[in-house]
Amino acid sequence: MKNFINWVGKHYLAALFVMLWVKVVVVTWVGFNLTVETWLDFLVLLVNPIGISLLLMGLAFIFKKRFSMIGVLIAYVLLIGLLYANLLYYRFYIDFVTVSVLMQLNNVGGLGPSTLELISPLDLLLFLDIIFFVYVWRKTKQTKWQPAMPHKKKYVGLTMVLIMMTVSLALLRNPYVLQANYDREQLVESLGLYNYQVFNIINSLQSPMMKVLASDKSVEPVTNYLQGMPDAKSDYFGLAEGKNLVLISLESTQNFVINRKVNGEEITPFLNSLIEDSYYFSNIYEQAAQGKTSDAEFMIHTGLYPLSSGSVFVRRPENEFISLPKLLKAKNNYSAATFHGNSINFWNRKQMYPSLGYNQYFSQEDFHITEENSVNYGIKDIPFFEQSITHLSTLTEPYMASFLTLTNHFPFLLENEDQRIPPADTSVDVVNRYVTTVNYEDAAIERFFDLLKKEGMYEDTIFVIYGDHYGISQEFEEGVHELLDQSETPINHLQLQQIPLIIHIPGQEGAIFETIGGEIDIHATILELMGIDEEKRTNFSENLFTRDPNKPVVFRDGSMVASEYAYLNNACYSMNTESLTEEENCETYLETVRKELKLSDEIILGDLFRFME
């Protein structure tokens, strides 16, 4: 044992590097569940951590005169910490940490109150060896023996060659990998986790320059593309013109709960009944990215895609936006207010809402919140709506009012006295609890409608009720598959990303629309119903009443779904057979995906609306 400790002390850097390399390879392959199908995939997996890991560990000594064992050990611990942070984040979000997320950690919902849901006992294996390496360092320090300093120029030169080899292999594997910087899973697969983090930092440093360098000429490619998009009107145009508009965001609500029973009881009895007298869109996909609820708000308000990293609400709140409140105000002098039972600073809404055109916003300080009437992230939905009625009655008509529910938020906690139906009986507790919180949310919407009718505020209003993003991440989807009695396949996972969209106009007959569409399309659909015809198109939203089924629904990671094909996990699938098909079948759709994401990013990061009249 003594000889082994001496050997490790003598080869301290090599021992730390080997352990780090093994952990990164195992976590990437097993923890991130990335694709390793060919010999090239396997080679990339083995090679991509080497150069960057050596370079980052070398920062502890290449600028010093003496080799620092403690410095290298600290670098090792930090790199393991970054690896584990990404592992936890991936388990819930199926995504990777970015610089923007690190800068807005107070907005990353789910991890704080539910870390135990995401931790596995096997995670200890990532950290146990640190105790041993600390022990070796202390023993070596007591002997006053110091490992020799590596030759700095050769060391740095070797790491650069290895990093260049990694990039070359990544481009051989996927020529588009550096261009599609929004596809973080592909970046991590091809470049490795640590190279991806460096690449992300570089992109984060570049994005502020896009606004500085933007000019009126930057608008031309955007406007040329947007003016070429179809803008067909339907028989529904202007159907709700002049009416009050109420938006209700259903926190973490997926479409599979609609018309679904558990143990003989409906999960959403009120919404099921409301659909009978509403326009119900049954094939709408959520498209939120790292901004989650704020991304959903952004898409619905502007018709633009969210940013791939971070949230527009945090990164670009000072931009000029062409938004629903502004368009309604210009059309019929609407007032606009938002209602949210959390802090107005959450997702930087205090700064963003005025930029979107809201003149009033009611947050937690405007509600009577107690320990009894709150759970998880804020006031429970029923008291939230009950207290909101008073504020809503003060608004000047016509108005636009946006409500964000909270109770159905991961990890889906609810006291027994608030549970109206028993939990589901699957092998996944998160899914079992989800059923009860969705049911509570449904009861809250029913209570809100009852109060609106009682106060005479129902008849002259259009209601747009939508799920903001998924609630059950892929980490816990096994329980949903059990609930739905379905197998785990890429297409089934895709279809679980569908959200409910219910548009209720009192007095109008209901209809079900099976049009395939995305969350971003809610924007144009609202404009259609409100009778707003923009002279110049300024967004990528498609009217769901006339949307072309062959137009792809674009996801922020570069994947897509259309009526016949879907591109998922860098593979093309037939929607008819649910099996893999030739990638050429998806290529035309992917050209649209790349084009629209690029142009949307240019609008946001360049603040291009300031140049549009």
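What follows is a run of questions and answers about this predicted model.

This is a predicted model, so local features need pLDDT of at least 70, side-chain atom pairs count only at pLDDT 80 or more, and totals for chains, interfaces and linings use all residues. Residues are numbered from 1 along each chain as its sequence is written, and side-chain values use heavy atoms, with hydrogens and water left out.

Q: Which residues touch the most other members of the largest nonpolar core?
A: A nonpolar core here is a set of buried Ala, Val, Leu, Ile, Met, Phe, Trp, Tyr and Cys residues joined through side-chain atoms within 4.5 Å. Buried means under 20% relative accessible area, exposed over 50%, and partly exposed in between (1.4 Å probe, protein chains only). In the largest core, with its 107 residues, the ones touching the most other members are Phe339 and Leu392.

Q: Which helix gives the largest share of this core?
A: Helices are DSSP runs (H or I, at least four residues), numbered from the N terminus. The largest share is 13 residues, and it comes from the helix spanning residues 429–454, α19.

Q: What does Leu392 contact, leaving aside its neighbours within four places in sequence?
A: Contact means heavy atoms within 4.5 Å. On that basis, the partners of Leu392 are Phe339, Tyr399, Ala401, Phe403, Phe448, Leu452 and Met457.

Q: How many residues of α14 are buried?
A: The buried residues of α14 include Thr293, Asp295, Glu297 and His301. The helix counts as mostly covered, and the tally of buried residues is 10 of 10.

Q: Which backbone oxygen lies 2.7 Å from a polar atom of the Ser294 side chain?
A: Ser294 is found in helix α14 (residues 293–302), and it counts as buried because its relative accessibility is 0%. Not counting residues up to four places away in sequence, Ser294 touches Ser311, Phe313, Trp347 and Arg349. The backbone oxygen 2.7 Å from its side chain belongs to Gly291.

Q: Why does Ile300 count as buried?
A: Ile300 is also placed in helix α14. Leaving aside neighbours within four places in sequence, Ile300 is in contact with Leu247, Leu324, Tyr466, Glu519, Ile522, His523 and Ile526. Ile300 is buried because its relative accessible area is 0%.

Q: Which residue follows α14 with a positive phi?
A: The phi in question is near 75 degrees. The residue that follows α14 is Gly303.

Q: Is Phe92 buried or exposed?
A: Phe92 has its place in helix α5 (residues 69–93). Leaving aside neighbours within four places in sequence, Phe92 is in contact with Leu118, Phe410, Tyr470, Gly471, Ser473 and Phe476. Its relative accessible area is 6%, so Phe92 is buried.

Q: Which helix gives the most to the lining of the second largest cavity?
A: A cavity, on a 1 Å grid over the protein atoms alone, is a set of points where a 1.4 Å probe fits but cannot get out, and lining residues have an atom within 4 Å of a point. The lining of the second largest cavity includes Thr28, Asp41, Arg173 and Glu189. With three residues, the helix that gives the most is α3 (residues 39–47).

Q: How much space lies in the second largest cavity?
A: A search of the whole structure finds three cavities of 30 Å³ or more. Grid points are joined across faces, edges and corners, and a volume is the space filled by probe spheres set on the points. For the second largest cavity that comes to about 70 Å³.

Methods: Helix = DSSP H or I, 4+ residues; strand = E, 2+ residues; numbered from the N terminus. Polar contact = N/O pair within 3.5 Å; in protein donor to acceptor, adjacent residues only side chain to side chain. 1 Å grid on protein atoms, 1.4 Å probe; cavity = no way out; pocket = protein on both sides within 12 Å on 5 of 7 lines; lining within 4 Å.
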